[in-house]
Amino acid sequence: LISQTTSNFLNVGADIIDQVAATALTDKNVSSSLVSLDITTDLDRGAIFRFRDTDNRPLAAVKVALVLTNSLGKLIANQTEIPQFTNYPPILDFLLSGPLSGTLEDNIAKDTNYKDVIKANKETKSSDFAQSCDNLQATLRNIYGLNRYDESLAMALILYSTQAYFSNDNLSTSQCFKNPAFANVQDLKKMGLDFKKPVP
Amino acid sequence: MPKRIYIQGIVSWTAYLLLLLFASEAPFAEAALPLIPVVPDSLYAEAANLPGDPDLCAKADPNEQSLGGFVYYSKLSFPQGAKFNDLYSRLVITTKICTPDTLSSNDRTALRKVLNTLAITDAKTFLATLDVTFTAAAGPKFPSLVPFSYAFDESKNTYIVQEEIQRNLPWQTTDHGYSLTFAYSANKQTSIVTGKLASGIISKIVGANPTTA
């Protein structure tokens, strides 16, 4: 899935490139070469393009190569293991790119489901709260492009910040953050993190 | 909502250590969250460069194929058995100019020969462009990048080489492939100013290494 953030980023970029093309690059395109990188099937990691002269000497070269990570909290991890943490990385503070400026939290703060989760209290029905949590998790995954582990980290930080989650049984015993269809509290354990009532 | 530590500008390490000290009794106080260092571009370049990768300016590369128009390419692979579940990938693009930045007489002659073979005469600007799209999604693509360009400097009667040494595209979940289009464009009407303009604008819109997907 391409996150909405990146889509916006791309669209804005394309508009400006069109303007550049209209003013500066109106001459002919003298060469064009298409290469596909199939990551998961062909295990393509990247490509090197070389611009050679008529004597086959390289004049310039461009390398396009993938770097992998299992969590935005790790930044670089060329491995497929589950990311391990000793404390929660500040995933909500990460800056988004493109026109969606600000942090992840700045942006999800505008989401209705986020507001419902944050404002939940002892009067909130368990089922309503769980539904808001599921919807929020779908937003984190589908709109902001978080993977399972980061979705789990983000949900934990949001629930810790509600103040009410751990002190109201109707919230803490709901199915919020326990739905197997989404990242859930079990993922936190696999990452070495606790999810329990904070020490006063 | 508890206060957060925003990692911007120069961090006072003394203040940071004091924060950690006072926050140590509260397991989930956000002041205790570890600061994640800003990763310098060079580390991404290192991560993208695995042992065995050929030198960018290699005179010979056994895996290289011609794509025509003086474009040659060789593919890089992940090890067999690599798995990609629940990962992010980001493309790291690095450029290396294999000649001096101000072309020597020999290099200038070599470039002109290439341009002549491509039926370009009196080019004032010659740009390499790289377009990246996702194979699993129709429509959106990254802004065109200009990894390197040659712009004619009339005062010095030579081409100036401009390069964008490194560009990191945003993180994406790794459930799709990429299509890369490498192309050359030339312009007879423009001069060094256009090259700088294109390079500058493109650098500006792509931004300073977006952090997240």
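User: Is the crossing of α4(A) and α5(A) left-handed or right-handed?

Analyst: Please note at the outset that the model is predicted. Handedness tells which way one helix is turned relative to the other as they pass. Here, the crossing of α4(A) and α5(A) is right-handed.

User: At what angle do α4(A) and helix α5 of chain A pack?

Analyst: The angle is about 135°, and the axes of α4(A) and helix α5 (residues 148-161) of chain A are 10 Å apart. An angle over 145 degrees would count as roughly antiparallel, and one from 65 to 115 as roughly perpendicular. α4(A) is therefore oblique to α5(A).

User: Which residues of α4(A) and α5(A) meet?

Analyst: From α4(A) come A:Phe129, A:Cys133, A:Leu136, A:Gln137, A:Leu140 and A:Arg141, and they meet A:Arg148, A:Glu151, A:Ala154, A:Met155, A:Ile158 and A:Leu159 of α5(A). By class, the residues of this contact are 8 nonpolar, 1 polar and 3 charged.

User: How does α3(A) pass α4(A), in a left-handed or a right-handed crossing?

Analyst: That crossing is left-handed. Helix α3 (residues 112-119) and helix α4 (residues 126-142) of chain A have axes that come within 8 Å and cross at roughly 135°. The two helices are therefore oblique to each other. On the α3(A) side, the contact is made by A:Asn113, A:Tyr114, A:Asp116 and A:Val117, and on the α4(A) side by A:Phe129, A:Ser132, A:Cys133, A:Asn135 and A:Leu136. This contact has 5 nonpolar, 3 polar and 1 charged residues.

User: What is A:Asn184 in contact with, leaving aside neighbours within four places in sequence?

Analyst: Those contacts are with A:Arg148, A:Ser152, A:Phe177, A:Lys178 and A:Asn179.

User: Which side chain makes a polar contact with the side chain of B:Glu64?

Analyst: A polar contact may join residues of two chains. The partner is the side chain of A:Arg52, at 2.9 Å. B:Glu64 lies in the loop between α2 (41-47) and β1 (65-68) of chain B, and is buried with a relative accessible area of 18%. Beyond neighbours within four places in sequence, B:Glu64 is in contact with A:Arg50 and A:Arg52 of chain A and with B:Tyr72, B:Tyr73 and B:Ser74 of chain B.

User: Finally, how many helices and strands are there in chain A and in chain B?

Analyst: Such counts summarise the make-up of a chain. Chain A has 7 helices and 3 strands, in the order α-β-β-β-α-α-α-α-α-α. Chain B has 4 helices and 9 strands, running α-α-β-β-β-α-β-β-β-β-β-β-α from the N terminus. Buried residues make up 57% of the 200 residues in chain A and 49% of the 213 residues in chain B.

Note on methods. Residues are numbered from 1 along each chain as its sequence is written. Chains are lettered from A and ligands numbered from 1 in the order in which they are written. This is a predicted model: local features need pLDDT of at least 70, side-chain atom pairs count only at pLDDT 80 or more; totals for chains, interfaces and linings use all residues. Side-chain values use heavy atoms; hydrogens and water are left out. Axes are lines fitted to C-alpha atoms, for helices over the stretch in contact, and angles run from 0 to 180 degrees between N-to-C directions. Angles under 35 degrees count as roughly parallel, over 145 as roughly antiparallel, 65 to 115 as roughly perpendicular and the rest as oblique. A crossing is left-handed if the near helix is turned anticlockwise from the far one by less than a right angle, and right-handed if clockwise. Contact means heavy atoms within 4.5 Å. Ala, Val, Leu, Ile, Met, Phe, Trp, Tyr, Cys and Pro count as nonpolar, Asp, Glu, Lys and Arg as charged, and the others, Gly among them, as polar. Buried means under 20% relative accessible area, exposed over 50%, partly exposed in between (1.4 Å probe, protein chains only). A polar contact is a pair of N or O atoms within 3.5 Å; within protein, one must be able to donate a hydrogen and the other to accept it, and residues adjacent in sequence count only if both atoms are side-chain atoms.
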